[in-house]
Amino acid sequence: MPTYSNFRRYRLRQELDHTWTVFDIFTGVAVSMGASVAIGMDEEFALGLAAVLNAAYALQRVRADV
């Protein structure tokens with residue numbers, strides 16, 4: 001069975017203004033959730049958001065493999 005670490009789709013990028021962006025590694029585009037885009041965040045919040053998104057993605061992938 002695959003492990004969670006195989007399913008990290010979202011990563012962080014530090015911007016020139018020292019804020020953080022969560023982006024999709026397949027598209028390179030910042031994550032959007034409704035009308036919000038995951039840019040301009042502090043590092044702690046961005047890390048948490050990426051962890052939640054990666055966990056949801058991993059769960060989706062594992063369910064698809066069952």
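Mentor: What follows is a set of questions about labels and the values behind them.

Mentor: The model is predicted, so local features need pLDDT of at least 70 and side-chain atom pairs count only at pLDDT 80 or more, while totals for chains, interfaces and linings use all residues. Residues are numbered from 1 along each chain as its sequence is written, and side-chain values use heavy atoms, with hydrogens and water left out.

Trainee: Why is the pair of Tyr-10 and Tyr-57 called edge-to-face?
Mentor: Rings of Phe, Tyr and Trp (its six-membered ring) pair if their centres lie within 6.5 Å, and planes under 30 degrees apart count as stacked, over 60 as edge-to-face and the rest as tilted. The centres of Tyr-10 and Tyr-57 are 6.5 Å apart and their planes stand at 85 degrees, so the pair is edge-to-face.

Trainee: How do you know whether Tyr-10 is buried or exposed, and what of Tyr-57?
Mentor: Buried means under 20% relative accessible area, exposed over 50%, and partly exposed in between (1.4 Å probe, protein chains only). Tyr-10 has 16% and is therefore buried, and Tyr-57, at 12%, counts as buried too.

Trainee: What makes Arg-13 a charge over the ring of Phe-23?
Mentor: The rule asks that NZ of Lys or CZ of Arg be within 6 Å of the ring centre and within 35 degrees of the ring normal; Arg-13 lies over the face of Phe-23, at 4.7 Å from the ring centre.

Trainee: Which residues does Leu-53 touch, beyond those up to four places away in sequence?
Mentor: Taking contact as heavy atoms within 4.5 Å, Leu-53 touches Tyr-10, Val-22 and Val-31.
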